[in-house]
Amino acid sequence: MESITIHFGSDRNFYSLIEDIEYYNAIGDVLKHISKESIGIDGIEQKEVQPLLVENLIINTDDYGGIKEWAILGISNNVFESPRVAIKKIFMNNPPQKIYEDVKKNYSEDIITEVVENRPNLNYEILKSIAETYSNEIIGQPNVLRKFLPALYSLLNPQRKKPVTLLFLGDSGIGKTETAKFINSKLGGEMLRVQFSMQQTVQAYSYIFGGDHGDDSFARELIRRESNVILLDEFDKVNPSFYNAFYQMFDEGIFVDKNYHVNVEKCIFICTSNFMTPEEAEKCLGTPIYSRFTKVIRFEDISIEDKTKIADKCYKSLLSQLSEEDKELISDNGVLSVYTNAIKSGYYKNMRTLKNDIEDALNIEILKARGII
């Protein structure tokens, strides 16, 4: 063995790390060769399986799910040093803790290189950009910025280890998820978004606490994230018994399950809910998890004036995405006035629904103009 590179981070970053490697084998190739039976014919001496020469062994984040338990336990001796393979270099992305510890125990530090992805973190310029542009992007929540900006500022303290954790309260469709997306847009990278309303099945426990090494898990999504902004959508919908899995993560910036230890220092966790008051949130979530939030922020109902601004902005954005031909076909449409009047009559409370309806109405106008309906 010449070298082992252990990468922790996003798949995109790992692919950049190995993009110049031309000749390589996947872990499936190696395991298949190790398991191959020797060929024996009566009267002829049995022919042993020749070692597979592996110039570069590449193991991606999802590849560990295909590794059998016998290989996971003692992978260095059972796989990497098997007499049936001769491996020169190994590149592995986000190995489970058992594999990581086994490799560290069995190989000299001289041949091991650990690469930890440096994701974009907050700085003064980003905070200033957030402050200057938030109200233009997220219309109708002027008080929210003043509440979350001081919490984000604490991440600039070099001594701070734990992440910033924000709990957003309020009705659906008034800017909670959009605020998370906005903050992430300033840091860059794809935001990790976990729908907790989906964690209602029997698999939810293993997803949160870790199950078999091949199962999908929250820890695996965390370790391969591209951004340090993590949105836990509908945080109030998960079984409350699962919240204790997050205590250490919120307190110390470390998430631990059966298979992974994930560093989440300097991260921004945004948890959305439909609770209307802090008191309701604390009662339903429980004080142990509620008290760990850096800031609890209520999103207020949006005024009619701001709703009309949102409708106008949405209409113009959708119109700009149309082809020039489609724009010409519906140049005299009255879609915006219809929805402005609907807003003034008190019809719309959810801005997500408003945006979807405006898009649908524009599409109907185009279909009519083309004689399709």
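User: Which residues does T272 touch, not counting residues up to four places away in sequence?

Analyst: T272 touches F168, K176, T177, L231, L232, D233, E234, F235 and D236, where contact means heavy atoms within 4.5 Å. This is a predicted model: local features need pLDDT of at least 70, side-chain atom pairs count only at pLDDT 80 or more, and totals for chains, interfaces and linings use all residues. Residues are numbered from 1 along each chain as its sequence is written, and side-chain values use heavy atoms, with hydrogens and water left out.

User: Why is T272 called buried?

Analyst: Buried means under 20% relative accessible area, exposed over 50%, and partly exposed in between (1.4 Å probe, protein chains only). T272 has a relative accessible area of 2%, so the residue is buried.

User: What does the side chain of T272 reach?

Analyst: The side chain of T272 reaches the backbone nitrogen of E234 at 2.9 Å.

User: What makes R193 and D233 a salt bridge?

Analyst: The term requires a side-chain nitrogen of Lys or Arg within 4 Å of a carboxyl oxygen of Asp or Glu. For R193 and D233 the closest N and O atoms are 2.6 Å apart. The pair links distant parts of the chain, with R193 in strand β9 and D233 in strand β10, 40 residues apart. (Strands are DSSP E runs of at least two residues, helices H or I runs of at least four, numbered from the N terminus.)

User: Is D233 buried or exposed?

Analyst: D233 is buried, because its relative accessible area is 5%.

User: How do you know that the length of helix α17 agrees with its number of residues?

Analyst: The expected span is 1.5 Å times one less than the number of residues. The 19 residues of α17 (351–369) should therefore span 27 Å, and the end C-alpha atoms are 27 Å apart, which agrees.

User: Which residues of α17 are buried, and how do you know where they lie around the axis?

Analyst: The buried residues are M351, L354, I358, A361, L362 and I366. They cover an arc of only 140 degrees, so they lie on the same side of α17; the arc is that of the directions from the helix axis to the C-beta atoms. These buried residues pack against α14, α15 and α16.

User: What salt bridge does R352 form?

Analyst: The side chains of R352 and E178 meet at 3.8 Å, N to O. R352 is in helix α17 and E178 in helix α8, 174 residues apart.

Note on methods
Polar contact = N/O pair within 3.5 Å; in protein donor to acceptor, adjacent residues only side chain to side chain.
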